[in-house]
Amino acid sequence: GLVIDGRTLAYALEPTLEDKFLALAKRCRSVLCCRSTPLQKSMVVKLVRDKLKAMTLAIGDGANDVSMIQVADVGVGISGQEGMQAVMASDFAIPRFRHLEKLLLVHGHWCYSRLANMVLYFFYKNAMFVALLFWYQFYCGFSGSSMVDQWYLIFFNLLFSSLPQLITGVLDKDVPAEVLISVPQLYKSGQ
């Protein structure tokens with residue numbers, strides 16, 4: 001592990017030393033930056049995001065964490081004694097730090113699964129609709145005549161674009177929450 005304080009971090013984040021600091025941090029299993037300023041927190045997240053091309057997650061519970069949460073790809077705010085500034089600036093809000101495991105492993109897995117299904121569904125829905133229009137052009141001799149009335153197109157997209165996705169978003173849970181918590185490796189299969 002690497003423990004670095006704010007004064008040392010100020011030197012490590014200089015442009016001439018940031019690559020060495022990042023190389024050292026990559027070798028560690030955990031890096032703890034203590035007594036650092038809000039600007040230093042955001043600079044560390046930005047350094048990791050830009051240099052390593054990694055998706056970053058920032059977790060904070062107060063106003064001093066807002067800049068770090070905003071720089072990260074995904075921000076999680078913990079509502080606590082220091083106020084609601086971190087929650088208001090974050091993508092997700094949790095009441096206690098202990099809920100982070102469920103947010104990442106359960107809801108993260110379900111989100112990956114739902115997004116993958118949604119992309120496939122919209123691709124095939126649109127592919128079938130375009131194929132139908134293409135075949136109709138052979139039937140009408142490429143005259144440019146309309147196959148269906150505009151109201152049918154509106155209702156088709158309304159019916160097939162909103163209702164199935166709404167039902168899937170509410171009801172689709174491919175793996176129960178208890179299994180996802182007990183087997184964290186299932187998160188990678190969703191990716």
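**Close-up 1. Ser36 is a buried residue, with a relative accessible area of 16%.** Here buried means under 20% relative accessible area, exposed means over 50%, and partly exposed is in between (1.4 Å probe, protein chains only). Ser36 sits in the loop between β2 (31-34) and α3 (38-52); helices (H or I, at least four residues) and strands (E, at least two) are DSSP runs numbered from the N terminus. Setting aside neighbours within four places in sequence, Ser36 touches Gly6, Leu9 and Lys41, where contact means heavy atoms within 4.5 Å. Please keep in mind that this is a predicted model, where local features need pLDDT of at least 70, side-chain atom pairs count only at pLDDT 80 or more, and totals for chains, interfaces and linings use all residues. Residues are numbered from 1 along each chain as its sequence is written, and side-chain values use heavy atoms, with hydrogens and water left out.

**Close-up 2. Two spans come from a UniProt record.** The unreviewed entry lists residues 119-139 and 151-171 as "transmembrane region"; such annotations may be inferred rather than shown by experiment. Residues 119-139 are 100% helix and 0% strand, with end C-alpha atoms 31 Å apart. Residues 151-171 are also 100% helix and 0% strand, and their end C-alpha atoms lie 30 Å apart.

**Close-up 3. Leu166 belongs to helix α7 (residues 150-171).** Leu166 is exposed, at a relative accessible area of 55%.

**Close-up 4. The domain assignment gives domain 1 (2-95) and domain 2 (100-190).** These bounds come from an automatic or database domain assignment. Taken over C-alpha atoms, the centres of domain 1 and domain 2 are 35 Å apart.
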